[in-house]
Amino acid sequence: MEQSNPSNIRVLPNLLVNKIAAGEVIERPASVVKELLENAVDAGAKRIDVAVEDGGKKLIQVTDDGVGMSKENVALAFAQHATSKLNDEEDLFAIRTMGFRGEALASIASVSRSKIVSRTAQGQGGYEVSMDGGKQSEVKPTAAPVGTTVGVRELFFNVPARRKFLRSTTTEMAHITEQLTRVALAYSNIHFTLSHGGRKSLELPVSQNLQGRVAELFGEELAQTLIEANSNERGVKIKALLAPPGMSKTSGKWQYFFLNGRYIRDRVLSHALRETYRGLMEPSRFPVAFVYLEMAPEVVDVNVHPTKIEVRFRDSHTVHSQVLGTLRETFLKSDLVGKMHIEQNRPTYEQEHRVRQAVADYIKSQPVSQERLNYGQKGRSGYSSRPGQIKQNGEKLREELNELFLRTRSSENVNKSGTGCGSLRETPANTQDIYRKRNNRRNGYSRSTCPA
Ligand SMILES: Nc1ncnc2c1ncn2[C@@H]1O[C@H](COP(=O)(O)OP(=O)(O)OP(=O)(O)O)[C@@H](O)[C@H]1O
Ligand SMILES: [Mg+2]
């Protein structure tokens, strides 16, 4: 095979450049949904409708009622490095919009068949333009309401290696729902809908406050237990909604952090949250929390990750101490015992029945589970999906038992002593105690918070 000569440098054609960029940013249909949602938010939309077919593999369409685009902008929107959000280099260090690189639409269009229809409030009519695997059509006038619709068909039709990695419709749909959830949690003032194959799966009308949006997405029961924390000091404005420790989960999936309206993942913030709950729940559990930060855009770099999910704080130490301080103080002041009362009312017959049922299902599944727990390989008996089911039952059982355990435990503690120091090591009912004892301890953390 002929080796390419490393000294022959070539400038890559635009389409290839866009495909390379798409490789980093567009991993699956949910990535497209994220980018289109962010564009709609930046356009000042009050309502955003997302319609997908076949988990987004066949079609993703996002319609907004934002400012729309003029004919000239429609013509430029798919172009590489074309953005209305940056003017000069200085802007890059003070980003106030979700997008700024001017590459999302170009990347998406290079690996799909895409179309934009848009109209501004000033325009007499709308305009449309299509891109088919990187080839752009003429801009044509068309009838359209004010706002923008972007349709993306057959994602990765020209990148078979990528298409092969797409998962089942259900899995892709779960990713899409999660992306929409993240944006919807940051913008409770926007009405969102999501439909799949013509059927509406989410309808999120404008909500008065964040609790309302949480209730729409996760249920009234969780929203009602949330404890609110607020502070605005040292250049960091914090608003957090914290679930009581008894509502903990088996993974960190229910922890949402936002910076200036952008969902982010950040080790410093996760650590501060974990510290807040330390000693209030089993170490293997994860708290449920929604934490919103606002800071001057100049003190945080959002241009450090291809999908912008990570940021770099200029002073992460201050961010950490502000978050930890605010959340801790709120816990100390809040009536966690009262909050626990809401949850700890004796388990209902239905809950007990569910636990019993889960135990029975789990036990029944045991003898077969061992021989079939070979993931990835088709079992001898051909039950390739069975282990997943069994695992799910086990996980459900653990969730149920843990919930029941925490309920019973906290009601026992509250009823007996009111201090939380019963036979159990730690209880969410005595936050002050735990913090006090933890602070008093010189040699770090010991799991026992009660006198022997
Ligand atoms: N829904 C929309 N409404 C109005 N204008 C839009 C919309 N979507 C895209 N645009 C225009 O098209 C431009 C290109 O969009 P694109 O997503 O490619 O880049 P960006 O949002 O500027 O930056 P990034 O690549 O970081 O997302 C935007 O800057 C904006 O001017
Ligand atoms: Mg964008």
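This is a predicted model: local features need pLDDT of at least 70, side-chain atom pairs count only at pLDDT 80 or more; totals for chains, interfaces and linings use all residues.

User: Why are helix 10 and helix 11 called roughly parallel?

Analyst: The axes of helix 10 (residues 267–277) and helix 11 (residues 316–333) cross at roughly 25° and come within 9 Å. Angles under 35 degrees count as roughly parallel, so helix 10 and helix 11 are given that label.

User: Which residues of helix 10 and helix 11 meet?

Analyst: From helix 10 the residues are Val268, Leu269, His271, Ala272, Glu275 and Thr276. From helix 11 they are Ser316, Val319, His320, Val323, Leu324, Leu327, Arg328 and Phe331. By class, this contact of helix 10 with helix 11 has eight nonpolar, four polar and two charged residues.

User: What makes helix 2 roughly parallel to helix 7?

Analyst: Helix 2 (residues 29–42) packs against helix 7 (residues 169–186) at an angle of about 25°, and their axes are 8 Å apart. The angle falls under the 35 degrees cut-off, so helix 2 is roughly parallel to helix 7. The crossing of helix 2 and helix 7 is right-handed.

User: Which residues make the contact of helix 2 with helix 7?

Analyst: Helix 2 contributes Pro29, Ala30, Val33, Lys34, Leu37 and Val41. Helix 7 contributes Glu172, His175, Ile176, Glu178, Gln179, Leu180 and Val183. The contact of helix 2 with helix 7 divides into eight nonpolar, two polar and three charged residues.

User: How do you know that the span of helix 7 agrees with its number of residues?

Analyst: Helix 7 has 18 residues, and at 1.5 Å a residue these should span 26 Å. The expected span uses one less than the number of residues. The end C-alpha atoms of helix 7 are 26 Å apart, so the two values agree.

User: Which residues of helix 7 are buried?

Analyst: The buried residues of helix 7 are Glu172, Met173, Ile176, Thr177, Gln179, Leu180, Val183, Ala184, Leu185 and Ala186. Across the protein, 34% of the 452 residues count as buried.

User: Why is Glu154 called partly exposed?

Analyst: Glu154 has 16 C-beta neighbours inside 10 Å. A residue needs 20 or more to be buried and 12 or fewer to be exposed, so Glu154, with 16, is partly exposed. Glu154 lies in the loop between strand 7 (147–153) and helix 6 (160–163).

User: What is the phi of Glu154?

Analyst: The phi of Glu154 is near 45°, a positive value in a residue other than glycine. Most residues other than glycine have a negative phi.

User: What makes Phe156 partly exposed?

Analyst: Phe156 has 19 other C-beta atoms within 10 Å. Phe156 is in the loop between strand 7 and helix 6, and it has a positive phi of about 65° although it is not a glycine.

User: Why is Arg199 called exposed?

Analyst: Arg199 has 7 other C-beta atoms within 10 Å. The cut-off for exposed is 12 or fewer, so Arg199 is exposed. Arg199 lies in strand 9 (residues 199–204).

User: How many residues apart in sequence are Arg199 and Glu53?

Analyst: Arg199 and Glu53 are 146 residues apart in sequence, and 9.9 Å apart in space from C-alpha to C-alpha.

User: How many helices and strands does the protein have?

Analyst: The protein has 15 helices and 16 strands.

Note on methods. Residues are numbered from 1 along each chain as its sequence is written. Chains are lettered from A and ligands numbered from 1 in the order in which they are written. Axes are lines fitted to C-alpha atoms, for helices over the stretch in contact, and angles run from 0 to 180 degrees between N-to-C directions. Helices (H or I, at least four residues) and strands (E, at least two) are DSSP runs, numbered from the N terminus. Angles under 35 degrees count as roughly parallel, over 145 as roughly antiparallel, 65 to 115 as roughly perpendicular and the rest as oblique. A crossing is left-handed if the near helix is turned anticlockwise from the far one by less than a right angle, and right-handed if clockwise. Two residues are in contact if their C-beta atoms, placed from the backbone, lie within 7 Å. Ala, Val, Leu, Ile, Met, Phe, Trp, Tyr, Cys and Pro count as nonpolar, Asp, Glu, Lys and Arg as charged, and the others, Gly among them, as polar.
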